[in-house]
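Reader: I would like a close look at one helix pair in this model, and then at what surrounds it. Please keep it plain.

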Amino acid sequence: MTLLSRLPGTAVPSREPSRGGRALTKEQRRFRKLLIHALLCAALVIMLYPLLWMLGASFRPSARTFTAVGLWPGDDFTTENYTEGWRALGFVTFTNFFANSFLVAGLAIVGNLVSCSLAAYAFARLRFPGRRILFALMLGTLMLPYHVLIIPQYVLFSEFGWVNTFLPLVVPKFLATDAFYVFLMVQFLRTLPRELTESAKIDGAGHLRIFLQIIMPLALPALGTTAIFTFIHTWNDFLTPLIYLNTPDKYTVPLGLRLFLDPTGESAYGALFAMSILSLGPVIGFFIAFQRTLVHGIATTGLK
Amino acid sequence: MSKVAGSPAGLEEARAESTAPSARPMSRWVRRPRLRQDASEALSAYLFLTPWLIGMVFITIGPILGSLYLSFTSYSAGGGTPEWIGLDNFRRMFTDDPRYLASVKVTLLYVGASVPALLAFALILAMVLNTGVRGLPIYRALFYVPSLLGGSVAIAVLWRQVFGGEGLLNNVLAWFGIEGPSYIATPQWAPWTLVVLNVWTFGAPMIIFLAGLRQIPSELYDAASVDGAGRVRKFLHITLPQLSPVMLFNAIITMIGAFQAFTGAYVISNGTGGPVDSTLFYTLYLYQSGFSYYNFGYASAMAWVLLVAIALLTALMFLSSRRWVFYGDER
């Protein structure tokens, strides 16, 4: 806990960077700046080239996918991989997979926002017997490996007849099982001054009203971070759908991609790349739209 | 936290009060409103906590205890009731299951190689970016992109191609006359492709390091400069100690994450963990035991060994941190 509370926020004034101490001429300094930019760009190219290459390759005819190193397909340009890939199995297409993924991710976001903020309000702003123990319990589950839970959860959910439904993917979110988000919101709500709610209390407002009308509007940044990270995690999640969803009409996008892998036919790579690119789209879109919130969220909580 | 301590006692009083209504009417008259408020606050708190409590009991603690119980049983999916077999699952794991030991070996290699490398990259890049580079937000965002995508099936698919026999890497190496093998099909290379995949996602810890670096008071560097300290000494005696709490945090988070890596190994090996079990990550073998062989008892035992191993390693890091983590306000 001490460790977590010591984590730096980004909202601190940045200091003037230190530069070795030695006095450099203007020329030298400019050269060094250029050198740093060159090195950073080189590192970025190496890191991101495969991604861009996949984007290019998704527009190539399958036969050319492997031999080409360059990015732009040029005359070979074709969108056939996308049309072919989208068709998937014919009776289920990527329309189904995307619809399923958006449904699951959407419900997960709603679930996490509601359940985690309710729990966080109690932990951060209310006094009740057992608070310390319960809070410690919540912290204790922060770093629990998910794998310890999967077998008994599977037994439980199959007792309920939930296998091959979205319920095992969604219901836990409505029960605040992602402790990270509870913790994130507790930390945030603690920073709100107590006086904010005192006057409302004196006016006789109940906790639900205080929660809904005063706290939640102020907690929008924390809610935003939670929503974005929940989306990304749920969208990328592979293990849980793999365990619970077993007919193609229920598949989420990652499972849809796996369909192309099973035959191991190299001819399917074009379509696979095209659909992989599309599967990354929403995450990258979210990232571009909410980049600031994301970076701030990582810096303050260590979420990935 | 200190405010909490009073409230259980407060509720005790409230209860005592209500069971003995006419004992001290005056004081009751005076004190009751506050106590009633305490009790109603506690009631509200538990109402707010209800979803979390249900989740805690049925989705988290119940299953933890459930898998502990199952780990001492032989239990197959859909196959009747669990049968108590004592420590047999654990005995089999360590003495009679070469695939299990292979999975432990691969996982330790993966964690041991990728976590330090990932942290080193994250720290180096954070320090470079902290030198007042122009365009910092853009660099930061672009370096973070892999962290965002690293766990996805799409990226694992890409990795399969890049490190395949006719993949991007070999096509590039061909320019230099080097003819590489299919890295994902060669047992000695395959796990390293996954190490590279993990190291590729250094962006998130980098952002945390960057935030940490910005909090180091610049006076420390100025004072060191006055004393004639060079770059290396400043790094060793200011940056590293000041950054050590963040380092501990990043190390623990990254380690726990690495132990749980699954998607990459699954996709690269088509779910088999091959070639020759060289990508059989612990989690992948656990998944196979549970959902390919339907051996729920054995898989639960594996899960508990993982839990204990992660807990021990985390505790070890915390304990060792007393020696190397520096908290500025401790005098």
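**A helix pair in chain B**

Author: Helix 9 of chain B and helix 11 of chain B run roughly antiparallel to each other. This is a predicted model, and in it helix 9 (residues 203-214) of chain B packs against helix 11 (residues 231-259) of chain B at an angle of about 165°. Since angles over 145 degrees count as roughly antiparallel, the pair falls in that class. The axes of the two helices are 9 Å apart, and their crossing is right-handed.

From helix 9 of chain B, the residues in the contact are B:Pro205, B:Ile208, B:Phe209, B:Gly212 and B:Leu213. They meet B:Leu243, B:Val246, B:Asn250 and B:Thr254 in helix 11 of chain B. By class, this contact has six nonpolar and three polar residues, and no charged ones.

The chain around this pair has 14 helices and two strands. Of the 331 residues in chain B, 42% are buried. Among contacts in chain B between residues at least 6 apart in sequence, 70% join residues at least 24 apart.

Further along chain B, the loop between helix 12 (263-268) and helix 13 (282-291) holds B:Pro275. A cis peptide bond, with omega about 0°, joins B:Gly274 and B:Pro275. B:Asn270 is also placed in the loop between helix 12 and helix 13 of chain B. B:Asn270 is not a glycine, yet its phi is positive, at about 60°. B:Asn270 counts as partly exposed because it has 13 C-beta neighbours inside 10 Å.

A:Ala88 has a positive phi of about 50° and is not a glycine. A:Ala88 sits in the loop between helix 3 (80-87) and helix 4 (94-125) of chain A. With 21 C-beta neighbours inside 10 Å, A:Ala88 counts as buried.

The contact between the chains takes 78 residues from chain A and 88 residues from chain B. On the side of chain A that touches chain B, helix 2 (residues 26-57) of chain A gives the most, with eight residues. The residues of that side divide into 51 nonpolar, 18 polar and nine charged.

As for confidence, chain A has a mean pLDDT of 85, and 88% of its residues reach 70 or more. Within chain A, helix 7 (residues 167-174) is highest at a mean of 97, and helix 1 (residues 2-5) is lowest at 38. Over residues 1-21 of chain A, pLDDT stays under 50, and the model has 33 contacts beyond four places in sequence for this stretch.

Technical notes
Residues are numbered from 1 along each chain as its sequence is written. Chains are lettered from A and ligands numbered from 1 in the order in which they are written. This is a predicted model: local features need pLDDT of at least 70, side-chain atom pairs count only at pLDDT 80 or more; totals for chains, interfaces and linings use all residues. Axes are lines fitted to C-alpha atoms, for helices over the stretch in contact, and angles run from 0 to 180 degrees between N-to-C directions. Helices (H or I, at least four residues) and strands (E, at least two) are DSSP runs, numbered from the N terminus. Angles under 35 degrees count as roughly parallel, over 145 as roughly antiparallel, 65 to 115 as roughly perpendicular and the rest as oblique. A crossing is left-handed if the near helix is turned anticlockwise from the far one by less than a right angle, and right-handed if clockwise. Two residues are in contact if their C-beta atoms, placed from the backbone, lie within 7 Å. Ala, Val, Leu, Ile, Met, Phe, Trp, Tyr, Cys and Pro count as nonpolar, Asp, Glu, Lys and Arg as charged, and the others, Gly among them, as polar. pLDDT is the predictor's confidence in each residue, from 0 to 100. A residue is buried if 20 or more other C-beta atoms lie within 10 Å of its own, exposed if 12 or fewer, and partly exposed in between; C-beta atoms are placed from the backbone.
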